[in-house]
Amino acid sequence: MAASDMLKFTKVDQDYPTKRPAGERDDDFLEISRPFILEKAEAQSSRCSQCGVPFCQVHCPLHNNIPDWLRLTAEGRLQEAWEMAESTSTMPEICGRICPQDRLCEGNCVIEQSGHGAVTIGSVEKFVTENAWEQGWVKPISILRDRSHRSVGIIGAGPAGLTAAELLRRKGYKVTVYDRHDRGGGLLTYGIPGFKLEKYVVGRRLERLEASGIEFKYEFEVGTDATMDQLRSRHDAILIATGVYKARELQAPGVGSGGVIKALDYLIASNRKGFGDEVPGFDDGTFNAEGKRVVVIGGGDTAMDCVRTAVRQGATSVKCLYRRDRANMPGSAREVANAEEEGVEFVWLTSPAAFHDEGGQVSSVQGTRMKLGQPGPDGRREPEPGGEDFREDADLVIMALGFSPEDLPQMFGTPDLGVTRWGTLRADHKTMMTSLDGVFAAGDIVRGASLVVWAVRDGRDVAKTMHEYLLAMDAEEKAAA
Ligand SMILES: Cc1cc2nc3c(=O)[nH]c(=O)nc-3n(C[C@H](O)[C@H](O)[C@H](O)COP(=O)(O)OP(=O)(O)OC[C@H]3O[C@@H](n4cnc5c(N)ncnc54)[C@H](O)[C@@H]3O)c2cc1C
Ligand code: SF4
C-alpha cells in the first residue's frame with residue numbers, strides 16, 4: 001500500500017476488533033476482544049486523514065506519533081511502526097488495551113468529529129505491539145553506558161515505577177524496585193481484571209525488566225520493612241510511585257455487616273485466584289460472588305470491573321447502584337456497554353443510606369432516589385435527594401467509591417514529606433522532586449486516582465529529571481575532588 005492510499009475514511013468503515021459474544025465470555029477472565037488480523041489493522045490504519053495538526057497525538061498523554069505509525073501500519077511496514085510506537089511508550093500494548101480512548105486519542109480524532117467514526121487507534125497500537133512481541137522485535141533493554149556507581153530506589157512496581165525503572169536502567173543506573181505485593185505491576189496485576197488485560201501481558205514486561213538487571217524486592221513495604229531514611233541512605237535518589245489505596249468509605253448504618261466488602265479487596269482476591277494462588281478469603285466465600293445477589297455501589301471504572309467480575313464468578317444477579325445517571329457517570333461508556341451485554345443491571349440515581357442484615361450478614365441495601373442538580377466543578381451534574389426510597393436485596397455488597405492516598409509522611413516516618421490537602425504528594429512542577437532532597441514522586445500518588453497512560457507519562461518525565469539530578473551530583477563531586 002502506498003502513502004497516497006491513506007484518507008480512506010470515506011470508503012472504509014470504522015471497525016473495532018470483534019468482541020466475543022457475551023454468552024461466550026461471561027464465565028472466563030480472558031480478554032473480550034479478538035485480536036486484529038493484519039489486513040484489518042492495515043485497512044483501519046488507512047482511514048487516518050494524516051492531519052497537519054493531529055489532535056489524537058495532542059490528546060494522548062504520551063504524545064504518541066499516532067499518524068506516523070498508522071501510516072507505517074497501512075503500508076505494511078510493521079517493524080518501523082512498532083519502533084515508532086515504542087519510542088514514546090514503555091507499554092504500548094497495555095495502553096492500547098485499557099486507555100479510555102474515547103476520552104483521549106480517538107475522542108479527538110478529526111474524522112470522529114466529522115461523523116465518520118474515529119480511527120481505531122488503540123486497537124492498532126495493540127496489534128502493532130503484539131505483532132512485535134510475536135516477531136521477536138521486542139529486544140532486551142539496551143544499556144547506553146555504565147552508571148552503576150549511582151543507585152536509584154523506586155517504591156512501587158506499578159506503571160509509573162516500572163516506566164521510570166526501565167528508562168533509568170537504560171541510562172545505566174543501578175535500579176532497585178521495592179513493592180509490598182508479591183508480584184510487580186501494581187494495579188495492572190492486582191486491580192484490573194484479566195478480561196481487560198490478560199496477566200501474561202504484564203508478566204512478560206516484568207521479565208524483560210528483570211532480565212535487564214533491575215532488582216525487584218517484593219513483599220517489602222516501605223514504612224514497615226525499612227524507613228524512608230534507611231532507603232535514602234542506600235540510594236542516591238528515590239522515587240515514590242506508590243499509587244492511592246485508601247478506599248473511600250460510606251458512613252451508613254450496617255456498613256460493617258458481613259458481606260459488605262471493599263472493591264479492591266474483592267478484585268485482588270479474584271486476580272490472585274486467577275494466578276492459582278491460595279486465597280482463603282475467596283475460598284471461604286467472603287470475596288466470591290458465586291450464587292449471590294450482588295450489588296456494587298459506585299460508577300467508576302473500579303465499579304465496572306467489580307460488576308463484570310461478579311458476572312464471571314457466577315452471581316445470580318448483579319446490579320450497579322450509582323447516584324447520577326448514565327450521561328453523568330465517570331466510568332467509560334464502553335465498559336458500561338460491555339457490562340450491560342453481560343447482564344449487569346444499572347440502577348441509576350440511587351444513593352444507599354443503610355445496609356440491613358440477617359444474623360450479621362447483609363440482606364438488602366436501602367436508600368434514596370436522587371435527581372440531578374446543577375453541574376459541579378468537573379462538569380458533571382450534582383445529585384440531590386429526590387425524596388423517594390428504594391430497597392435492593394443483596395447477599396454481597398461491593399463498595400467502589402474511589403480511592404485516596406494513605407498517610408505517607410506518617411507511614412514512612414518522614415513528617416517533613418510535603419502533601420497537598422488531598423493527601424497526595426506535593427512535587428515540584430518541573431523537577432517532580434518532593435520536599436525531601438533527592439526524593440521524587442510520580443503517578444497516582446501525585447495526581448490522585450488517574451490512568452495508566454498518565455502513570456507511564458509521569459514515569460517517563462521523572463526518569464528524565466532524576467537523571468538530571470544524578471548527573472548534577474556527579475558534576476558536583478567532580479568539582480569538589
Ligand atoms: C480496579 C481498577 C481498574 C482500573 N482500570 C483502568 C483502566 O481500565 N484504564 C486505565 O488507564 N486506568 C485504570 N485504572 C487506574 C490505573 O490502574 C492507575 O491509574 C495506575 O495503575 C496508577 O499507576 P501507579 O504506578 O501510580 O500506581 P499503582 O499501579 O497503584 O502501583 C503502585 C504500587 O506501589 C506499591 N506500594 C504502595 N505502597 C507501598 C509501600 N509502602 N511500599 C512498597 N510498595 C508500595 C503497590 O503495591 C503497587 O504495586 C484502574 C484502577 C483500578 C483500581
Ligand atoms: S497511549 Fe492511550 S491515548 Fe495514547 S495513543 Fe495509545 S491508546 Fe491512545
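User: I have the structure open. Which domains does the shell around ligand 1 draw on?

Analyst: Domain 2 (151–245 + 405–480) and domain 3 (247–402) each give at least three residues to the shell around ligand 1. Keep in mind that this is a predicted model.

User: Okay. Which residues come nearest to ligand 1?

Analyst: There are 35 residues around ligand 1, and G156, G158, G186, G243 and G443 come nearest. Looking at helices, you'll find that helix 9 (159–170), helix 15 and helix 19 (452–480) each supply at least two residues of that shell.

User: And how do the residues of that shell divide by type?

Analyst: For ligand 1 you get 16 nonpolar, 12 polar and seven charged residues.

User: Let's do ligand 2. Which residues come nearest there?

Analyst: Ligand 2 has 14 residues around it, and C60, C95, C99, L104 and C105 come nearest. By type, the shell around ligand 2 splits into nine nonpolar, four polar and one charged. Helix 6 (92–98) and helix 8 (121–135) each supply at least two residues of this shell, and helix 8 gives the largest share, three residues.

User: Next, burial. How do I read whether a residue is buried or exposed?

Analyst: Count the other C-beta atoms within 10 Å: 20 or more is buried, 12 or fewer is exposed, and in between is partly exposed. L408 has 22 other C-beta atoms within 10 Å, so it is buried.

User: M411 lies in helix 17 too. Why does M411 count as partly exposed?

Analyst: Because M411 has 16 C-beta neighbours inside 10 Å, which falls between the two cut-offs.

User: Now a whole element. Why is helix 4 (residues 66–74) largely enclosed by the rest of the structure?

Analyst: Apply the burial count residue by residue. Eight of the nine residues of helix 4 are buried, so the helix is largely enclosed. The buried ones are I66, P67, W69, L70, R71, L72, T73 and A74.

User: What do those buried residues pack against?

Analyst: Helix 2 (38–45), helix 3 (55–59), helix 5 (78–88) and helix 8.

User: How many residues of strand 7 (residues 293–297) are buried?

Analyst: Five of the five, so strand 7 is largely enclosed by the rest of the structure. With a strand, also check which way each residue points. R293, V295 and I297 point one way from strand 7, while V294 and V296 point the other way, and all are buried.

User: Which strands pair with strand 7?

Analyst: One is strand 8 (residues 317–321), which pairs with strand 7 in the parallel sense over five bridges. The bridge partner of R293 in strand 8 is S317. Another is strand 13 (residues 396–399), which runs parallel to strand 7 and is joined to it by four bridges. There, V296 stands opposite I398.

User: What unit do strand 7, helix 15 and strand 8 make?

Analyst: A right-handed β-α-β unit, with helix 15 covering residues 301–313. Helix 15 also supplies at least two residues of the shell around ligand 1.

User: Last topic: phi. What should I look for?

Analyst: Most residues other than glycine have a negative phi.

User: Where are E219 and L349 found?

Analyst: E219 is in the loop between strand 3 (215–217) and helix 12 (228–234). L349 is in the loop between strand 9 (345–347) and strand 10 (350–358).

User: Are they buried or exposed?

Analyst: E219 counts as exposed, with 11 C-beta neighbours inside 10 Å, whereas L349 is buried, with 21 other C-beta atoms within 10 Å. For a glycine with positive phi, look just after helix 4: G76 takes a value of about 80°.

Technical notes
Residues are numbered from 1 along each chain as its sequence is written. Chains are lettered from A and ligands numbered from 1 in the order in which they are written. This is a predicted model: local features need pLDDT of at least 70, side-chain atom pairs count only at pLDDT 80 or more; totals for chains, interfaces and linings use all residues. A residue is near a molecule or strand if its C-beta atom, placed from the backbone, lies within 6 Å of it. Ala, Val, Leu, Ile, Met, Phe, Trp, Tyr, Cys and Pro count as nonpolar, Asp, Glu, Lys and Arg as charged, and the others, Gly among them, as polar. Two strands pair if DSSP finds at least two bridges between them. A crossover is right-handed if, with the strands pointing away from the viewer, the path from the first strand over the helix to the second runs clockwise. Domain bounds come from an automatic or database domain assignment. Two residues are in contact if their C-beta atoms, placed from the backbone, lie within 7 Å.
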